[in-house]
Amino acid sequence: MIKFLDLQKINLAYQQEIEARILATFRSGWYLLGNEVKQFEENLKNYIGATHTIGVANGLDALRLILRAYIEMGVMQKGDEIIVPANTYIASILAISDNELAPVLVEPDMNTYNIDITKIEEKITSKTKGIMLVHLYGRVVFSEEIKNLARKYNLKIIEDNAQSIGAEWNGSKTGSLGDAAGFSFYPGKNLGALGDAGAVACNDDKLAEIIRALANYGSNQKYINTYKGFNSRLDEIHAVVLDVKLKYIDIDNARRREVAKQYISEIRNPKIILPQYPTNKNEHVWHLFVIKTKNRNNLQEYLSQHKIQTLIHYPIPPHKQQAYKAWNTLSYPVTEAIHREVLSLPISPVITDKEVSTIIEIINCY
Ligand SMILES: *Cc1c(COP(=O)(O)O)cnc(C)c1O
């Protein structure tokens with residue numbers, strides 16, 4: 001069986017370092033808001049090229065906290081609109097609606113799976129206060145055009161960087177391209193903890209201060225509560241794991257690029273549409289390798305019979321979910337086609353050349 005993602009193997013690659021740091025944390029008796037989180041935040045900040053990073057409990061909270069902080073600052077208010085791609089993972093949208101802001105769905109580009117930049121401006125109204133850019137599957141979505149739109153309409157650019165740590169646009173890392181960014185360190189992400197974890201990055205001192213407070217009961221000083229906050233902190237034990245793995249993220253992402261390149265150059269099957277390999281390789285970190293085919297379930301079944309595990313990202317678009325009932329009758333044809341046809345092949349830093357060759361061979365015989 002070729003697993004979709006072998007998390008055990010991914011983490012065992014750093015076993016000695018991780019175990020030593022976890023043991024030291026265990027023995028220290030200090031488990032929250034300590035030096036390990038501080039050190040990881042510092043290293044993440046330097047890696048991303050942001051002035052602030054704040055460790056939080058998960059990626060959804062990172063995005064919720066950014067929007068909540070903008071509401072506290074008076075930059076946004078309830079009922080304001082945030083533009084977001086219609087085919088994103090639902091967490092991007094949950095973060096918006098949780099703050100009683102209105103998600104405005106925009107269709108993606110069929111070739112990149114990212115928001116169709118040419119369709120953003122027509123959705124901007126007097127209530128639009130931000131654009132949530134999701135670098136989906138690990139591919140950067142950014143351009144001068146987006147920057148100009150944000151400037152013209154005074155919009156905040158919030159990056160959902162959950163799938164794209166390490167990707168670059170014009171020499172700058174995702175997570176530093178907009179006004180604020182949310183990161184997820186869910187175990188299966190390119191930088192994964194041993195449980196839930198996340199972070200926010202931004203360059204705005206006030207925003208950072210408010211987010212840090214909001215994530216800690218709305219308090220920057222013990223027992224002084226400035227905001228109605230919540231509890232969303234990064235644990236010391238996760239911080240040490242992430243701090244070890246952050247050192248290797250570029251190597252891990254380079255291996256993912258190698259695998260993607262091999263799939264793209266060797267999969268030859270007219271029934272299958274391959275993802276684009278961007279001209280600038282740094283614009284993709286291949287969190288997922290997503291192919292498209294008309295008879296997706298049939299291909300998945302065929303691969304499963306040949307002992308290759310695949311997943312679908314994602315089977316049901318957000319506007320067809322029961323959670324967003326009011327949207328169920330709306331039509332987003334590009335998004336719906338994507339959800340009907342996509343299939344994710346195994347890709348990771350630890351997949352072997354032999355496994356990749358086997359997958360290619362079996363797909364080419366389909
Ligand atoms: C994983 C993910 C999130 C949420 O992160 P969690 O850490 O699971 O809360 C948000 N957005 C996208 C695009 C994701 O892939």
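**Entry 1: a cis bond**
I started with Y314, which sits in the loop between α10 (296-305) and α11 (333-341). Helices here are DSSP runs of H or I with at least four residues, strands are runs of E with at least two, and both are numbered from the N terminus. I checked the peptide bond from H313 to Y314 and found it cis, with omega near 15 degrees.

I note that residues are numbered from 1 along each chain as its sequence is written, and that side-chain values use heavy atoms, with hydrogens and water left out. The model is predicted: local features need pLDDT of at least 70 and side-chain atom pairs count only at pLDDT 80 or more, while totals for chains, interfaces and linings use all residues.

**Entry 2: positive phi**
Y137, in the loop between β4 and α6 (144-153), has a positive phi near 65 degrees. N170, in the loop between β6 (168-169) and β7 (172-173), has a positive phi of about 50 degrees. Then I compared their surroundings, taking buried as under 20% relative accessible area, exposed as over 50% and partly exposed as in between (1.4 Å probe, protein chains only). Y137 is buried at 3%, whereas N170 is exposed at 60%.

**Entry 3: the sheet**
I traced an open, mixed sheet of seven strands, in the order β1-β9-β8-β5-β4-β2-β3. Two strands are taken as paired if DSSP finds at least two bridges between them. β1 (52-56) and β3 (102-106) are the edge strands; each has a single partner, so one side of each lacks a neighbour in the sheet. Neighbouring strands in this sheet are turned against each other by 20 degrees on average, with direction ignored.

Within the sheet I followed β4 (128-134) and β5 (156-160), which pair in the parallel sense over five bridges. L133 has E159 of β5 as its bridge partner.

I also looked at what lies across the sheet. Helix α3 (35-48) lies across β1, β8 (180-184) and β9 (198-202), and runs at about 130 degrees to β1. Axes are lines fitted to C-alpha atoms, for helices over the stretch in contact, and angles run from 0 to 180 degrees between N-to-C directions.

**Entry 4: the ligand**
I listed the residues around the ligand: N58, G59, L60, Y89, A91, V134, D160, A162, Q163, S184 and K189. Each counts as near if one of its heavy atoms lies within 4 Å of the molecule. For polar contacts I took pairs of N or O atoms within 3.5 Å. A polar side-chain atom of D160 is 2.7 Å from a ligand nitrogen. A backbone N or O atom of L60 is 2.9 Å from a ligand oxygen, and a polar side-chain atom of K189 is 3.1 Å from a ligand oxygen. The ligand alone exposes 380 Å², and the protein buries 91% of that; accessible areas come from the Shrake-Rupley method with a 1.4 Å probe.

**Entry 5: β10 and β11**
I found β10 (289-292) and β11 (342-345) paired in the antiparallel sense over four bridges. The bridge partner of I291 in β11 is L343. In a regular strand the side chains alternate between the two faces of the sheet. In β11, V342 and S344 point one way, L343 and L345 point the other way, and all are buried.

**Entry 6: two isoleucines**
I351 is in the loop between β11 and α12 and is buried at 7%. I compared I351 with I2: the two are 349 residues apart in sequence, and their C-alpha atoms are 8.8 Å apart. Leaving out residues up to four places away in sequence, I351 touches R255, V259, Y263, P346, V356 and I359. Contact means heavy atoms within 4.5 Å.

I362 belongs to helix α12 (353-364) and is buried at 14%. With sequence neighbours up to four places away again left out, I362 touches Y302, L303, H306 and I308. The C-alpha atoms of I362 and Y302 are 9.1 Å apart, for 60 residues along the chain.

Note on methods
A polar contact is a pair of N or O atoms within 3.5 Å; within protein, one must be able to donate a hydrogen and the other to accept it, and residues adjacent in sequence count only if both atoms are side-chain atoms.
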